[in-house]
Amino acid sequence: MGHVVIDVMLKPEILDPQGQAVSGALPRLGFEQFREVRQGKRFVLTVDGEVTEEHLAAAAEAAEKLLSNPVIEDVVSVRAQQDVDSVRAEDPDQ
Amino acid sequence: MKVGVVTFPGSLDDRDAARAVRAVGAEAVTLWHGDADLKGVDAVVLPGGFSYGDYLRCGAIARFAPVMDALIPAARGGLPVIGICNGFQVLCESHLLPGALIRNDHRKFNCVDQRLVVENASTAWTSDFVAGQEITIVLKNGEGGFVADERTLDELEGEGRVVVRYAGGNPNGSYRAIAGITNDRGNIVGLMPHPEHAVEEGYGPSTDGLPFFTSVLKQVANA
């Protein structure tokens with residue numbers, strides 16, 4: 001099975017209260033080196049077989065139509081991952 | 001006079017909205033999110049709550065409910081529609097109104113008696129107010145911060161499309177303290193505070209919510 005990974009972030013000029021809350025908590029845990037935190041969303045869409053150009057085009061359309069609100073958010077990337085292990089491999093703790 | 005009240009999974013204030021409709025002598029008609037039928041109503045209320053759990057973004061999934069397939073063209077055609085709180089979020093996600101609602105700048109859920117100034121008393125839902133009138137109704141939300149780009153904000157201000165503005169402090173960081181807006185035609189209104197909770201003595205800070213519902217009654221009668 002293939003996977004399409006879509007990342008959505010709040011536009012830079014939009015206030016991100018969730019990111020600010022995280023930003024406020026980091027120093028309390030001893031992480032003093034980070035100036036700002038922005039929190040986004042990741043969607044992983046699974047398809048049968050390999051990810052095709054058609055899958056990517058449909059995912060891009062879904063990202064613009066439903067997964068993001070263009071007033072406040074940007075679709076940062078729409079890309080293929082051929083196996084879920086490589087999706088998980090981006091986060092070694094999972 | 002029939003006013004439809006849409007119930008999405010997670011709607012909370014649909015019963016109160018129906019009660020407010022009956023309080024001004026109109027018939028409240030229950031509309032189900034899964035039905036693409038407006039049952040011949042003369043106006044529609046999109047009530048507050050947490051439609052579809054507000055997963056993804058507030059109002060984002062509700063915008064694609066079957067009932068919206070009927071409502072969106074009807075609203076574009078002039079049907080009076082008011083979206084209150086979550087309903088406002090649904091109207092913005094539907095692009096019937098510009099802008100978006102984001103999490104309150106202070107990150108807390110807010111529940112207060114909120115002062116507002118009615119700035120536009122010529123919409124289908126506010127004609128029974130006087131421009132500049134100050135009212136107090138309940139505000140309760142976690143994601144009530146109204147945002148839009150500068151051009152849109154200037155357009156809203158320039159065309160008199162800010163319907164209600166927060167007075168006595170901005171409760172959620174809304175740009176330019178905007179509490180509610182309308183479309184260019186004035187038949188669609190969205191606002192974060194809840195007029196339907198202020199229509200009966202003894203149940204809230206005032207009965208200042210009543211004119212929203214009496215206004216639309218007159219609008220339909222005169223149409």
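Between chain B and chain A there is one salt bridge, a term for a side-chain nitrogen of Lys or Arg within 4 Å of a carboxyl oxygen of Asp or Glu. It joins the side chains of B:Arg57 and A:Glu73, at 3.5 Å from N to O. The model is predicted: local features need pLDDT of at least 70, side-chain atom pairs count only at pLDDT 80 or more, and totals for chains, interfaces and linings use all residues. Residues are numbered from 1 along each chain as its sequence is written, chains are lettered from A in the order in which they are written, and side-chain values use heavy atoms, with hydrogens and water left out.

The contact (heavy atoms within 4.5 Å) takes 17 residues from chain A and 14 residues from chain B. Together the two chains bury about 1,400 Å², 68% of it on carbon and sulfur atoms; buried area is the accessible area (1.4 Å probe) that two parts lose on being put together, summed over both. B:Leu56, B:Arg57 and B:Arg107 supply 38% of the area that chain B buries against chain A.

The table sorts two sets of residues by class.
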